[in-house]
Amino acid sequence: MAQLWGGRFTKETDKEVYAFNASINFDKRLIDVDIKGSIVHAKMLAKQNIISDADKDSIINGLNSILSDVKSGNILITEEYEDVHSFVEANLIERIGDAGKKLHTGRSRNDQVALDMRLYTRDTVLKTKSLLITLLSEINNVMKENIDTYMPGFTHLQKAQPVTLAHHFGAYFEMFKRDVLRLTDIYERMNYCPLGAGALAGTTYPLDREFVAENLGFLAPTANSMDSVSDRDYLIEYLSALSIIMMHLSRFCEEIIIFNSNEYRFVEIDDTFSTGSSIMPQKKNPDIAELIRGKTGRVYGALMSLLTTMKGIPLAYNKDMQEDKELSFDAFDTVNNCIHLFTGMIATIKFNKEVMEKSAMNGFTNATDAADYLVKKGMPFRDAHAVIGRLVLYCIENNKAIHELKLLELKSICDMFDMDVYDEISLETCVEKRITTGGPSRMAITNEIAKNDEFINNYSE
């Protein structure tokens, strides 16, 4: 088919060059936003008396019919078109004649594609944000149900101090909450309309850019026409936020994989989110968690690809920027699918509470509290630290936990121990006396859950 830009050329584009240049295979997903932007552009052209109301109505009816036929499968977006913009315009002209040729008045493909990508990304940011809110609600539900579920907290993947499952999940709530806030910031910063910037220097037509921006839900038009067609900061920001989301999901998945192992048995992933082995019938593998962990690198790659593409491009538009789409679309789909599946996995997971509590009791997680006990008796902390170190060594040599030692054994290490030490180093006491904001005590966690509920309500769509 003849190209929309073909007037200046005397030769047909080489077929391999055409295929290399074309973007229709991946930018066809922009069909909805391309037509949405074109409809508002047509309304603005008529409002400014650049085209007639009759032509406007014909253009809008034609655009709506194209979208309807695409959705129903009556027409296909095929490779004979260079890009989605060419597809829409060619079909529009075929349907309504010369009126269709007027749609591109005062518009370049540069500001058109800038608009389409911004509209599409803006919608996807909202989708990601909504999926995160659903995940946060599920995490908060787990917290509400496990305020008194004791487990070991870890540093260096070694048992450190006793916490609760609610406290542990609360850490991930904070991570994903920050992700929601990042997306909110990105949405606000990107919500400016580039249409009307033309190829790079605006246009001589009396366009009403404020009308277009308002009718497309933007805060205002972009301020500089050259920046309008060459800016991809918003997309880099979004890919960065998606990379951080995947990092958080990957960390969570790593812990679930570990906790699901035979050695830990803290959790059991539901059958619906597990797979088996083709040769070992006893296996129940955490494949979904592993795949989410693995797909993190895929999303990182999209971010690094776009950063690398943009780093050496002079103003204004360059064809390199077509590379903003393919990997970005893949990253959008990957992250949103991962959040959705991860939420389902968390909603169906089983927590082995007795196993977690036993693990906390037998891992010297109360050693710091034993030292604090001696400090309360008047011993300097550094001396108490050394005493408990010797006590732990004694326990290891005798294959016992601290709470299993008899008073005489305790006194053989330090005569300041008395019967009240057993209450001081119990899991309940160790957790409940940590009442500072952000701690694992019932009071602290209850306050945290209330704030979580408030956050979810404020950011739910």
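Helix H5 gives the most to the lining of the second largest cavity, with 3 residues. That cavity belongs to a predicted model, which holds 3 cavities of 30 Å³ or more.

- Asp-34, Ser-38, His-85, Val-88, Glu-89, Leu-103, His-104, Arg-107 and Gln-112 form the lining.
- Helix H3 (31–47) and helix H5 (84–96) are the elements that give two or more residues to this lining.
- By class, the lining has 2 nonpolar, 4 polar and 3 charged residues.

**The largest cavity**
- The largest cavity has a volume of about 70 Å³.
- Its lining includes Leu-165, His-168, Phe-169, Phe-252, Glu-255 and Met-356.
- Two or more lining residues come from each of H7 and helix H10 (233–259).
- H10 gives the most, with 4 residues.
- The lining divides into 10 nonpolar, 1 polar and 1 charged residues.

**Helices H7 and H19**
- The axes of H7 (residues 165–190) and H19 (residues 442–459) come within 11 Å and cross at roughly 25°.
- Angles under 35 degrees count as roughly parallel, so H7 is roughly parallel to H19.
- The crossing of these two helices is left-handed.
- On the H7 side, the contact residues include Ala-166, His-167, Gly-170 and Phe-173.
- On the H19 side, they include Ile-445, Glu-448, Asn-452 and Tyr-459.
- The residues of this contact divide into 8 nonpolar, 4 polar and 3 charged.

Key. Residues are numbered from 1 along each chain as its sequence is written. This is a predicted model: local features need pLDDT of at least 70, side-chain atom pairs count only at pLDDT 80 or more; totals for chains, interfaces and linings use all residues. Side-chain values use heavy atoms; hydrogens and water are left out. Axes are lines fitted to C-alpha atoms, for helices over the stretch in contact, and angles run from 0 to 180 degrees between N-to-C directions. Angles under 35 degrees count as roughly parallel, over 145 as roughly antiparallel, 65 to 115 as roughly perpendicular and the rest as oblique. A crossing is left-handed if the near helix is turned anticlockwise from the far one by less than a right angle, and right-handed if clockwise. Contact means heavy atoms within 4.5 Å. Ala, Val, Leu, Ile, Met, Phe, Trp, Tyr, Cys and Pro count as nonpolar, Asp, Glu, Lys and Arg as charged, and the others, Gly among them, as polar. On a 1 Å grid over the protein atoms alone, a cavity is a set of points where a 1.4 Å probe fits but cannot get out, and a pocket is an open set with protein on both sides within 12 Å along at least five of seven lines; lining residues have an atom within 4 Å of a point. Grid points are joined across faces, edges and corners, and a volume is the space filled by probe spheres set on the points.
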